[in-house]
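Here is a short briefing to read alongside the model. Keep the viewer open, and look up each residue as it comes up.

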Amino acid sequence: MDQDTLKRSAAQAALDLITGEFGRETVVGVGTGSTANYFIDLLAAHKHQFDAAVASSDATQKRLEGHGIRVLSTNAVSEIAAYVDGADEINPARELIKGGGGALTREKIVAASSNRFICIADASKRVPVLGAFPLPVEVIPMARGLVARKLAGIGGEPIWRDGFVTDNGNHILDVHGLRIEEPAKLEAYINNLVGAVCNGVFAAQAADIVVLASADGVELIGQ
Ligand code: 5RP
């Protein structure tokens, strides 16, 4: 089974988890990336059963609106029923690396604003220890060198994602060579670096449910 089929299966299973809760006031948080795009396309068929979506990136907002789904800002909603998004790596504790698409800051904000975070992925994203995927760190442009030196100081090899500007007008450092044994500790350490806006470790708030699709079927982890 190809990876796209698996991504779509995970997206469908996540949709099946939440459609029963849809009501006239339901707001759904929607992530960014190829797996999230499958979710958006499937969600479109249900657009009359919920109120609106909150998007984690400009690209996601555009895709949602292209389907005629109403999009609200996080500041305009008091409750988001569920946030559905992909991940770059997932460990057994449902801790994640995210931000391959560069949307990590808004993704973390929408995840933190939601009642539950449902992570959707194909089984290639499952790892025993986070870190083989380079960890994205969003930085204020003038602090890029400063933050890079701090990250090198803890054994990482930060590479500037040259030419890429986030939806927030910032830069991304992709940090190679980390073996992340204590994700929450690293997340907090990077959060404290002056000039770092956000990092792609999702451990302080891990996924509540991981929906993982493989050739053997769809596994719900944490359910
Ligand atoms: C974007 C993300 C994505 O969720 C992550 O990169 C996974 O993407 P895909 O579903 O395309 O594999 O964090 O910032």
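Val197 sits in strand 11, which covers residues 196-199. Please keep in mind that this is a predicted model.

- Val197 is partly exposed, because its relative accessible area is 33%, a value between the 20% and 50% cut-offs.
- Together with Ile140 and Met142, Val197 makes up a nonpolar patch on the surface, and the three share about 310 Å² of accessible area.
- Asn199 also belongs to strand 11, but Asn199 is buried, with a relative accessible area of 0%.
- Setting aside neighbours within four places in sequence, Asn199 is in contact with several residues, including Leu104, Lys108, Pro136, Val137 and Glu187.

**Ile172 in strand 10**

- Ile172 is found in strand 10, residues 171-176.
- Is Ile172 buried or exposed? Ile172 counts as buried because its relative accessible area is 0%, and the cut-off for buried is under 20%.
- Among the residues that Ile172 touches, beyond those up to four places away in sequence, are Gly102, Leu104, Pro136, Val137, Ile159, Trp160 and Phe164.
- Arg161 is also one of the residues touched by Ile172, and Arg161 comes back below as a salt-bridge partner.
- Leu135 is 37 residues from Ile172 in sequence, and their C-alpha atoms are 9.7 Å apart in space.

**The buried face of helix 2**

- Helix 2 spans residues 34-43, and its buried residues are Thr35, Ala36, Phe39, Ile40, Leu42 and Leu43.
- Looking down the axis of helix 2, these buried residues lie within an arc of 165°, so they line one face of the helix.
- What do the buried residues of helix 2 pack against? Their partners are helix 1 (3-18), strand 1 (27-30), helix 3 (58-66), strand 4 (82-85) and strand 7 (117-122).

**Salt bridges**

- How many salt bridges are there? The count comes to 11.
- One of them joins Arg116 and Glu21, with 2.7 Å between the closest N and O atoms. This pair links distant parts of the chain, 95 residues apart: Arg116 is in the loop between helix 4 (104-113) and strand 7, and Glu21 is in the loop between helix 1 and strand 1.
- Within that pair, Arg116 is buried at a relative accessible area of 18%, while Glu21 is partly exposed at 44%.
- Arg161 and Asp174 meet through their side chains in a salt bridge of 2.8 Å, N to O. The two are 13 residues apart, with Arg161 in the loop between strand 9 (157-160) and strand 10, and Asp174 in strand 10.
- Arg161 counts as buried at 17% relative accessibility, and Asp174 counts as buried at 13%.
- Glu107 and Lys98 form a further salt bridge through their side chains, at 3.1 Å from N to O, and both residues are buried.
- Which residues are linked in a network of salt bridges? Asp85, Lys98 and Glu107 are linked in this way.

Conventions. Residues are numbered from 1 along each chain as its sequence is written. This is a predicted model: local features need pLDDT of at least 70, side-chain atom pairs count only at pLDDT 80 or more; totals for chains, interfaces and linings use all residues. Side-chain values use heavy atoms; hydrogens and water are left out. Patches are made of residues with over 30% relative accessible area and no salt bridge: like charges are joined within 9 Å, nonpolar side chains (Val, Leu, Ile, Met, Phe, Trp, Tyr) within 5 Å. Accessible areas come from the Shrake-Rupley method with a 1.4 Å probe; for residues, only the protein chains shown count as cover. A salt bridge is a side-chain nitrogen of Lys or Arg within 4 Å of a carboxyl oxygen of Asp or Glu. Helices (H or I, at least four residues) and strands (E, at least two) are DSSP runs, numbered from the N terminus. Buried means under 20% relative accessible area, exposed over 50%, partly exposed in between (1.4 Å probe, protein chains only). Contact means heavy atoms within 4.5 Å. The arc is that of the directions from the helix axis to the C-beta atoms.
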